[in-house]
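Here is a short note for a colleague opening this model. Please keep the structure in view while reading.

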Amino acid sequence: MNDMTPSDPPRARRRPSLVDAACEHIRASIRDGEHWPGSQLPTEAVYVESLGVSRTVVREAVARLAAEGLVEARQGKGVFVSETARYQAFQVTREELENLDDVIQLLELRLGVETEMAGLAAERRSEVDLMDMRRQLRILGQSDIGMDRSVTADVAFHRAIGKASGNTYYGKLIEFLGVRLVPPRSVYLRQSDAYMDDAYRAVIGQEHEAILDAIAARDAERAHAAARTHMSESLKRHREIKRLAKK
């Protein structure tokens, strides 16, 4: 069942490796315009000398960047910046969510997004959208629901709001953030009994119902306020978990 207890220590942030540092150096040089799409990167020997690392580290860094689609190796010619490098998608990797601070920062990002998204959903939602939101809230209201299922249903509720906004990119962004937030949030919420009881579920339920009611009523201003309140309270709860973990 649950092998985490409130006494479990929080996971420490992984120390950046030499490969991480080399990746970031090359990535920054592309981002800052030092190396443009289509241009050739310096040789391995140059990076070995300038970064003070081994050839193995450079090769691993280049391989990682190639997997991201940022660079490409051309046999017999060297490594070049991909033509599409300037259009690389916004990314949040799993390695970047190894600390509760990372979860909090993503929740801070969501605060502004969710507020505006809820307002648009109030103006544009359909009856099918409302049915989807209500279905997720029914799941969240189940007394025997586990933490993993609860967090997943929570994300699904917000994803339904994104769909109701009529803006494809809101839905994509919430899906993107949700996939990355579900595992770490589940871990950290399990670390506190206060976030597993009926009182906690009731509070979350009330916050979600306030958002749903405003969207159903097509009241954009009230939907803004309800979404902002919910995300602000979520931030407070996670910051409290962080505070308790330091004791």
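What covers the buried residues of α3? The points below take this up after a word on the model.

1. This is a predicted model, where local features need pLDDT of at least 70, side-chain atom pairs count only at pLDDT 80 or more, and totals for chains, interfaces and linings use all residues. Numbering starts from 1 along each chain as its sequence is written, and side-chain values use heavy atoms, with hydrogens and water left out.

2. The cover of α3 includes α1 (18-31), α2 (44-51), β1 (71-74) and β2 (78-81). Helices (H or I, at least four residues) and strands (E, at least two) are DSSP runs, numbered from the N terminus. Contact means heavy atoms within 4.5 Å.

3. The buried residues of α3 are V57, V58, A61, V62 and L65. Buried means under 20% relative accessible area, exposed over 50%, partly exposed in between (1.4 Å probe, protein chains only). These residues lie on the same side of α3, because they cover an arc of only 130 degrees around the axis. The arc is that of the directions from the helix axis to the C-beta atoms. Just after α3, G69 takes a positive phi of about 85 degrees.

4. The largest nonpolar core has 26 residues; M133, F157, I161, I211, I215 and A223 touch the most other members. Such a core is a set of buried Ala, Val, Leu, Ile, Met, Phe, Trp, Tyr and Cys residues joined through side-chain atoms within 4.5 Å. A second, separate core of 16 residues includes V19, V53, A61 and L70.

5. T115 sits in helix α4. T115 counts as buried because its relative accessibility is 4%.
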